[in-house]
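Take a look at the model before reading on.

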Amino acid sequence: MMLCPSCQAPVEADSVFCGHCGSPLPPLHLRDLGVSDDTRTIQRSNEAGNSTVSAENHQMSPMPHLPVAVFPLTPAPLRAISASSSTPEHDLSSHSSHPPRARFSKRTSHSSTGRNLVSVAIILVLLGIGIAAGVLALWQNKNLISRMMPVKDSTALPQGISGRISFSGSDAAILKTDSLAIHINGLHIPAGNAHYEAWMLDLQDETRIQSLGPLIQTGEGYTLNFTDPNGNILKLGNRIEVSLETTHTTLPTGHVVLSATLPPLALVHIRHLLVSYPDTPHYIGLLDGLQSQAAVFYQQSQLLGITHNKTNIQCIARNLITIIDGKLPTTDTPNARTCNARQITQIAPDYGLLGTMNNGYVHMVGVHASLAATQADATDTIRHYAQQVILASDNLQGWYSILDQDAQSLLKNPDDPAKIHDITSLADHALNGFDANHDGNIAPQKNEAGVMQAYLYGQSMATMFLSTPGA
């Protein structure tokens with residue numbers, strides 16, 4: 001028999017719980033030692049699945065013949081401690097200076113911090129690799145572009161360099177575009193046997209390369225004059241290059257220091273004016289046809305001043321009407337046979353200065369000057385001179401309309417010396433222009449510019465300005 005530590009009632013020696021108060025009894029292996037122990041009540045909640053630990057200290061009456069031994073409780077599972085850590089009565093810190101939860105949290109914090117540092121380091125390394133790859137790619141791309149671009153010789157391209165290419169005719173009496181002149185300032189004098197040469201290329205046919213010859217030093221600049229013996233120089237190409245050659249060659253091999261290109265869209269209409277047009281006889285250029293027919297008209301008008309024969313005057317009037325309208329007069333008096341017999345050859349119809357439906361040389365010159373100026377690649381130079389061509393075209397439209405009416409009147413009434421005077425005078429104005437304000441200059445303005453001026457303005461539309469390649 002033994003006494004219950006709680007109620008002091010006698011209980012059997014092998015009992016686990018007190019039959020009087022229900023309190024748990026000390027373990028059997030401790031009873032032989034006569035040790036008093038703290039009684040612990042362990043409650044388990046089957047519904048929540050979590051264990052809670054509650055401690056109640058019951059002080060047993062000490063046995064006088066044995067010392068009291070203290071045995072610490074076995075630590076509760078981490079799950080139970082975690083679930084009960086929010087209540088003060090479950091604090092186990094009195095049993096250990098390093099509770100299991102605290103040790104677990106510290107290890108978790110240290111592990112998480114380590115992983116974060118590793119992640120940051122990896123990100124920084126990847127970022128550094130990406131930046132290095134980008135810099136390398138830019139450097140390689142720059143080198144590739146530099147290899148594709150032409151190499152520039154800084155010694156051949158001093159500051160302030162300028163070059164101009166102008167087109168004209170070799171014979172001032174006959175308007176045509178068979179010559180060009182190059183004027184360059186700012187080029188240094190090359191060393192040794194090196195010299196500058198000019199070339200005309202066709203970007204639509206790379207095999208067409210025309211040598212224009214070497215540039216000649218004149219004072220502080222260089223010049224070149226070239227005439228195409230086969231006709232219109234604008235047929236040869238659309239690009240001019242100046243290269244620095246070390247030997248005399250028929251094809252360029254040296255470094256290109258200057259170049260100029262006619263804008264392809266505007267060039268289509270410039271060539272309609274100065275080279276060829278598909279609707280004209282023999283596909284002649286519009287300005288060439290205008291100049292040719294205006295010159296014939298002027299020659300016929302001057303015959304009126306040296307004849308007093310009425311039939312001859314009528315024959316000349318018929319020719320004037322044919323040149324303006326581009327077709328024979330409706331009346332057949334006098335007829336071609338009569339006129340030919342009088343040594344006044346009847347002129348065959350051409351494209352017409354005015355045409356029958358305002359579709360002759362005069363109008364079409366203005367149209368294609370406008371088309372050249374309004375193309376997307378037109379330069380300021382093209383637009384400037386196109387305006388002057390159009391102004392001259394407007395003058396000619398008015399003058400030849402008056403001349404057509406006067407020729408019709410003279411055909412019906414050949415005895416009108418005033419009409420003859422008007423025709424010979426106005427025909428000269430139309431061909432050569434007229435100094436209306438008497439300032440000694442025929443300017444691109446109303447009632448002054450004529451056919452000759454229109455032709456020169458058209459040639460000026462093709463003016464080119466040299467620059468360094470790629471500029």
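Ser-259 sits in strand 12 (residues 255-261); strands (E, at least two residues) and helices (H or I, at least four) are DSSP runs, numbered from the N terminus. The model is predicted: local features need pLDDT of at least 70, side-chain atom pairs count only at pLDDT 80 or more, and totals for chains, interfaces and linings use all residues. Residues are numbered from 1 along each chain as its sequence is written, and side-chain values use heavy atoms, with hydrogens and water left out.

**Ser-259**

- Leaving aside residues up to four places away in sequence, Ser-259 touches Arg-239, Ile-240, Glu-241, Phe-465, Leu-466, Ser-467 and Pro-469 (contact means heavy atoms within 4.5 Å).

**Strand 5**

- In a regular strand the side chains alternate between the two faces of the sheet.
- Strand 5 (residues 162-168) has Gly-163, Ile-165 and Phe-167 on its covered face, and Ser-162, Arg-164, Ser-166 and Ser-168 on the uncovered one.
- Strand 5 runs antiparallel to strand 6 (residues 179-185), joined by 7 bridges (two strands pair if DSSP finds at least two bridges between them).
- In that pairing, Ser-166 stands opposite Ala-181.
- Strand 13 (residues 464-466) also pairs with strand 5 in the antiparallel sense, over 3 bridges.
- There, Ile-165 stands opposite Met-464.

**Aromatic pairs**

- The whole structure holds 3 aromatic pairs (rings of Phe, Tyr and Trp, its six-membered ring, with centres within 6.5 Å; planes under 30 degrees apart are stacked, over 60 edge-to-face, the rest tilted).
- Tyr-196 and Tyr-222 have ring centres 5.2 Å apart and planes at 80°, so they are edge-to-face.
- This pair links strand 7 (residues 195-202), which holds Tyr-196, to strand 10 (residues 221-227), which holds Tyr-222, 26 residues apart.
- Tyr-196 is buried at 1% relative accessibility, and Tyr-222 is buried at 6%.
- Phe-297 and Tyr-400 are also edge-to-face, because their centres lie 5.6 Å apart with planes at 85°.
- Phe-297 is in helix 5 (residues 286-303) and Tyr-400 in helix 9 (residues 380-412), 103 residues apart.
- Phe-297 is buried at 1%, and Tyr-400 is buried at 0%.

Terms used. Buried < 20%, exposed > 50% of the residue type's maximum accessible area, 1.4 Å probe, protein only.
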